[in-house]
Amino acid sequence: MTTVVERLHGRGPLFSVEFFPPRDSAEELVLWRAIRELEPLDPAFVSITYGAGGSSRDFTIRTTGRVAQETTLVPMAHLTAVDHSVAELRNVIGWYAAVGVRNILAVRGDPPGDPNGEWIAHPEGLTYAEELVRLCRELGDFCVGVAAFPYGHPRSGDVDEDTKFLVRKLRAGADFAIAQLFFEPEDFLRLRDRVAALGCDAALIPGLMPLTTPRTLAKTIELSGADVPPSVARKLDPFVDDPVAFRKAGVDLVTEMGERLLAEGVPSLHFYTLNRSKATREVVARLGLVPART
Ligand code: FAD
């Protein structure tokens, strides 16, 4: 099974896509439609997030395994330390290996219920993603990724401290990092500069979400932890009551961000799809990131 790093070092530049585990059979159909629509476009990898608990975690394992076994795509499973003992984490990592998954995004996760609540480690678990990176490495020949935060992680004192912890995670054995959402290409490029200034040359992949609706804009504000900058507000605000015009302006904006990031030499663009493929397909086609035969 191919690794993410092998894909990043092959034909480039590329794009990848992120999905969340479906909660029921209707959502599963929607997800699989998106997967099948994206498959011919040859994304570098397809990642499936790891839920807050219970059945959604089983769905992550099952869906990632299905991607490995029933498609031509390269799967990457997310894993979090939330509410897991080390023994349980070993078990999940073993399941990933058993279903043919070689790529893991090792993230700490947020406290269940209130993501901003106090982080309490499982008494027999892990405290930081860095430890999860080490555990994945110890257990097998996995290609491991981590999360990066252009504006700094919300729990961090400042961006420089947060960048130091990111570099520690990478040096603990991670092969690459995927960035949380951000609004302007320069926000990502500044993170890349900070990482380079600490002597780390691991691959950093920017995360983008096609801004098709005011809801996706609100999601970007929530996940990035940043307010909409004037440059973005100027382009989207006039269309909040016009869904067609908003979608066009949002897709144009994300395409322009992608163009600038590719011109700056990023190895790939990672799209947060919300389990839909249409807008991502539009953006990657406009950026020339799809194989010529499609
Ligand atoms: P860590 O790297 O452990 O960092 C957590 C905090 O501790 C930060 O403030 C950091 O600066 C600080 N820190 C790190 N190391 C140290 C140290 N050694 N000493 C002191 N402080 C330290 N969540 C999910 O639940 N499921 C998912 O599938 C998921 N996928 C994600 C994918 C991406 C690309 C991104 C960007 C985020 C994802 N998240 C997911 C969200 C993520 O779990 C949260 O943002 C979480 O709060 C931080 O995870 P982390 O891995 O960055 O944690």
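Here is a walk through this predicted model, from the overall fold to the core and then the ligand.

Let's start with the whole chain. The protein chain carries 11 helices and nine strands. Its radius of gyration is 18 Å, close to the 19 Å that the globule rule gives for 294 residues, so the chain is as compact as a globular protein of that length. Of the 294 residues, 43% count as buried. As for how the chain meets itself, take the contacts with a separation of 6 or more: 80% of them are made by residues 24 or more positions apart.

Now for the inside. Nonpolar side chains tend to be buried together in soluble globular proteins. Here, the largest nonpolar core has 81 residues, and Ile-104, Ala-106, Val-146, Ala-148 and Ala-177 touch the most other members. Ile-104 makes a handy place to look around: setting aside neighbours within four places in sequence, it is in contact with Met-76, Ala-77, Leu-79, Tyr-96, Cys-136, Phe-142 and Val-144.

On to the ligand. What sits around it? There are 23 residues, and those that come nearest are Thr-49, His-78, Arg-108, Ala-129 and Ala-147. By type, the shell divides into eight nonpolar, eight polar and seven charged residues. Strands E3 (75-80) and E4 (103-107) each supply at least two residues of this shell, as do helices H5 (129-139) and H6 (159-171). Which element gives the largest share of the shell? That is H6, with four residues.

Technical notes. Residues numbered from 1 in each chain as written. Predicted model: local features only at pLDDT ≥ 70, side-chain atom pairs only at ≥ 80, totals over all residues. Near = placed C-beta within 6 Å. Nonpolar A, V, L, I, M, F, W, Y, C, P; charged D, E, K, R; others polar. Core = buried A, V, L, I, M, F, W, Y, C linked by C-beta atoms within 7 Å. Buried ≥ 20, exposed ≤ 12 C-beta atoms within 10 Å, placed from the backbone. Contact = placed C-beta atoms within 7 Å. Rg over C-alpha atoms; globule rule 2.2 N^0.38 Å.
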